[in-house]
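Me: Hi! I would like to go through a protein model with you, one question at a time. Could you look at it with me?

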Amino acid sequence: MLGKQAWRLISNEGSIVSRVYKARYYPQESFFSASLGCNPSFIWKSLFETKDLIKAGTIIHIGNGLHTSITSDPWLPDLNNPKVTSAHPALFGQKVTSLMCVGETSWDSEILNDMFDDRDKALILGIPLSQASREDCWSWLLEKSGIYSVKSAYRVLQQSKNNGQQNSALWKDFWKIEVPSKGLHFGWKAITGCLPTKVQLQIKHVPVDNLCPFCNVAAETIIHILVYCPYANSCWIRSSISISTDTFVSFSSWFEAQVAGKNGSLLKEILMIAWAIWNARNKLVWDKKSMLAADVVLSARSTLNQWSFAHQRRMDPLLMFNEHNVEVEHWITPANDTIKAASVGKIGRVAPEVAEVAGIKEALSWIKSKDWHKVSLESDCLVAVQAIHSSASLPSAFGQLVADCQQLLAALNNVKVYFVKHSANKAAHFHARSSCYPSVRVFYDYNSPAELVEIVKNDSYL
C-alpha cells in the first residue's frame, strides 16, 4: 500500500503532493536516485522504504524518447534487467529518440543492427511506437495496463520471501482451495501471522490482556485460539477432520501438516472451520454472544455449501458494447453493404495481447487507407477489445497501441471492433498458420467479389 503512494509520486509529477516532496527531498534528482536526507518526516521515511520494490517492477515507457537515456535509464521491457547491456561507445550520453527514424514512427533497424546485441535489439523492436507524439512516462511492467497494483507488488514481495520450494508449493495449493474469498483471506492472515489475536496486538503495543476469551487460561496466540483451545478442539472433534496430535509452534506449520495428502473437500472444511472458530471468537469478544461447537461446524458447512451453490450457477459477464454475435460459435457473413474484417497479429517478443492489439491497429490503418465505411472488425482477444472500448489511459506498450486504435476509430466512419470467440475467427487463424508474415489480416467484402480478389492478391497484407 505504501508502494502505491510512492507510485503516485513518480507517475503524477504535476500533483501538489509530488511537487512538494520533490522540492523538499530530491529537487535535482528523481525518486529513485533520492536519498533519505537529514531530518526526514515519518511519511517520507515510509515511502523511501518502498523504493526498491517500485524499482523492481518499473520501467520507462517510450513515447517520443526525448528524455530517456539509452544506457542509464530502465526502458527495456525485461523484469530481470530493464537496462541496455550493449556497450557501444556511441550510445553513451544519447537519448532513445536517436534510435528512431527521422520523421517516422519506427525504429532505425540499421542503427540497432550496428550498435546492439541480439538481446537488446529484440527487446527494442518489440516496443511499439505511437503515431502521436507522446512524452515518455513510467510504466508498471507487472500489469498489462502499466498501472501499479497492490496485488502484483505483493506477489513480487512473496516471491522474494519464498526461497524454499516447500513454502512456495504450500501457497500454490492454498490459493486453489475453492472456498469463499473471506475464507481464503482469513487463512492467509492466519498462516502469515497477521491475525489480530491478543498476543499479536500486544506485539503492536496495543494495551490489551493476552488471555484466550474461550478458556481464560492460556495466552491467545493464533495456534491456540484455532487449534489447542478446548473450545476449538471440540469444534474439530465434531467435524470430519482428523487433526494431528503433534505439537506445533505456529498455525502455518500445523496447517501445512493437516493439508498434506488430503483431498479438496477436506481442505475446504479445514479452512472454513478455522474461519468459523475465529468468527465465534469475535462474536464472544465484541457481542458477548457464545456459540456451541456444533453450531460453529454447522455455520462453516452452511456458508461453504451456499457459496458453492451460487458459484456453480454464476454467469459470465456480458460485453455490453457487443451489439451482436456474443454467442456466435461459427463465422457468419456480414450484412448487406457491410465489410467484415477478422484480425490476428503476431509481432516479435511481445505479450499476446500486445500482438493482437497491434494487429487491430494495422487493420484499422488499412481500412482508413482504403477509405472504407461500415466495417466490422472482429478479434478473439477480449482484453484488447475491452481496452479499446474503455476510456482509461494506460501507460504501457499495450495502452499506447490501444490509444492509437481509438484515434483511428475516431477518424473512421461507422467502423466497429467486436469480440468473437476463437471458433468464430478460424479464417484469420488459418491464414496466420499458413503465412510467413508476422501479422495477418483477412478481410471479407460480401457484396464485392472483385474487391475480395484484390485483397487476397495483395501479399503485403496477407
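This is a predicted model: local features need pLDDT of at least 70, side-chain atom pairs count only at pLDDT 80 or more; totals for chains, interfaces and linings use all residues.

Me: By class, how many nonpolar, polar and charged residues does the lining of the largest pocket have?

Reply: Residues are numbered from 1 along each chain as its sequence is written, and side-chain values use heavy atoms, leaving out hydrogens and water. Ala, Val, Leu, Ile, Met, Phe, Trp, Tyr, Cys and Pro count as nonpolar, Asp, Glu, Lys and Arg as charged, and the others, Gly among them, as polar. Sorted that way, the lining has 14 nonpolar, eight polar and eight charged residues.

Me: Which helix gives the largest share of the lining of the largest pocket?

Reply: The lining has 30 residues, with Glu13, Ser30, Phe32, Ile60 and Trp138 nearest the centre of the pocket. Elements that each supply at least two lining residues include α2 (16–25), α4 (51–57) and β1 (58–61); helices (H or I, at least four residues) and strands (E, at least two) are DSSP runs, numbered from the N terminus. The largest share is four residues, and the helix that supplies them is α1.

Me: Let's move on to the helices. Are α16 and α18 roughly parallel or roughly antiparallel?

Reply: Helix α16 (residues 352–370) and helix α18 (residues 397–411) have axes 9 Å apart and pack at an angle of about 20°. Axes are lines fitted to C-alpha atoms, for helices over the stretch in contact, and angles run from 0 to 180 degrees between N-to-C directions. Angles under 35 degrees count as roughly parallel, over 145 as roughly antiparallel, 65 to 115 as roughly perpendicular and the rest as oblique. The two helices are therefore roughly parallel.

Me: Which residues of α14 meet α13?

Reply: The axes of α13 (residues 251–259) and α14 (residues 264–287) cross at roughly 150° and come within 10 Å, so these helices are roughly antiparallel. Contact means heavy atoms within 4.5 Å. On the α13 side we find Phe251, Trp254, Phe255, Gln258 and Val259, and they meet, in α14, Leu267, Ile270, Leu271 and Ala274.

Me: How do the residues of the contact of α12 with α14 divide by class?

Reply: Helix α12 (residues 230–238) and α14 have axes that come within 11 Å and cross at roughly 145°. Tyr231, Ala232, Cys235 and Trp236 of α12 meet Ile270, Ile273, Ala274, Ile277 and Ala280 of α14. By class, the contact divides into no charged, no polar and nine nonpolar residues.

Terms used: On a 1 Å grid over the protein atoms alone, a cavity is a set of points where a 1.4 Å probe fits but cannot get out, and a pocket is an open set with protein on both sides within 12 Å along at least five of seven lines; lining residues have an atom within 4 Å of a point.
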